[in-house]
Amino acid sequence: MPQASRYKVISNREVASQTWQMRLEGDTSAFSRGGQFVDVAVCGHFLRRPFAVREWDDTGFDILYKVVGHGTEEMTSMQAGTVLDILTGLGNGFDASRCKASALVVSGGLGASPVFSLVKELVAGGRSVTVVMGYNTADDILLFDEYKASGADIHISTLDGSKGVKGFVTDVIDTLQGNWDYFYTCGPKVMMKAVCEKLEIPGEASLEERMGCGCGICYGCTCHTAKGPKRVCADGPVFRKEDIIW
């Protein structure tokens, strides 16, 4: 169940072009899976801002956010010691148990954040994990060192060719010979659609829609699926490939 709690900012720093990482201290008992998210109240703004949880431990959690509007712009000025009202325990997250032996994890841009704890869980569970990360340029790359340290096999693509393979994540997948039994993906919708259509194996994708309440009350983020209308915030954001109607 969603929990509204107070969290203290421990650190807040820019980690890539217009992208920041914030560490928050407080109760993390509501988190159970990678891919879950929180809803942050920003003073002076009516709606909360949803952010995926990158990683958590017993003392707090990390989020990454991109500056795209007034709310996230204001967040960049939040100093250590700032106390925020945050709704936690949101979303269903990725199901690592569906991968039996070998996983392909595909992220695009800020989508590298929601799948990070999933990758660590898969590796810790003895699965072989291949990660393909796509960005526009080398300046946008996130969490590369952290992913390398996870023990997964990491591959990068950039649209301008400034790092890794020039092109899309699907171009990288074409060069790989993995015998994966399950995949997970998070990033731009057009990227996830291409990944789901390309791969014949089962998998999961984390969808994104504009959210009002973030906890299933307003139905503002409803999307159509093979199982009927579903709320991305409460029924998702992670859906199985066969249920998604692009």
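Thr19 is found in strand E2 (residues 19–25), where strands (at least two residues) and helices (at least four) are DSSP runs of types E and of H or I respectively, numbered from the N terminus. The model is predicted, so that local features need pLDDT of at least 70 and side-chain atom pairs count only at pLDDT 80 or more, while totals for chains, interfaces and linings use all residues. Residues are numbered from 1 along each chain as its sequence is written, and side-chain values use heavy atoms, with hydrogens and water left out.

Thr19 counts as buried because its relative accessibility is 3%; buried denotes under 20% relative accessible area, exposed over 50% and partly exposed in between, with a 1.4 Å probe and protein chains only. Leaving aside residues up to four places away in sequence, Thr19 touches Arg13, Glu14, Leu64, Tyr65, Lys66, Leu110 and Leu142, a contact being heavy atoms within 4.5 Å.

Strands E8 (128–135) and E9 (residues 153–158) pair in the parallel sense over six bridges; pairing requires that DSSP finds at least two bridges between two strands. Within this pairing, Asp153 of E9 is the bridge partner of Thr130. Together with helix H3 (residues 144–149), E8 and E9 make a right-handed β-α-β unit, a crossover being right-handed if, with the strands pointing away from the viewer, the path from the first strand over the helix to the second runs clockwise. E9 is also joined to strand E10 (residues 165–166) by two bridges, and these strands run parallel. Thr158 stands opposite Lys166 in E10.

The largest pocket holds about 1,500 Å³ of space. On a 1 Å grid over the protein atoms alone, a pocket is an open set of points where a 1.4 Å probe fits, with protein on both sides within 12 Å along at least five of seven lines, and lining residues have an atom within 4 Å of a point. The volume is the space filled by probe spheres set on the points. Of the 48 lining residues, Pro50, Lys66, Val68, Leu110 and Glu208 lie nearest the centre of the largest pocket. Elements that each supply at least two residues of this lining include strands E4 (49–56) and E8 (128–135) and helix H5 (189–198). The lining comprises 24 nonpolar, 17 polar and seven charged residues; Ala, Val, Leu, Ile, Met, Phe, Trp, Tyr, Cys and Pro count as nonpolar, Asp, Glu, Lys and Arg as charged, and the others, Gly among them, as polar.

The second largest pocket holds about 200 Å³. Its lining divides into two nonpolar, three polar and nine charged residues, and strand E15 (residues 238–240) gives the largest share, three residues.
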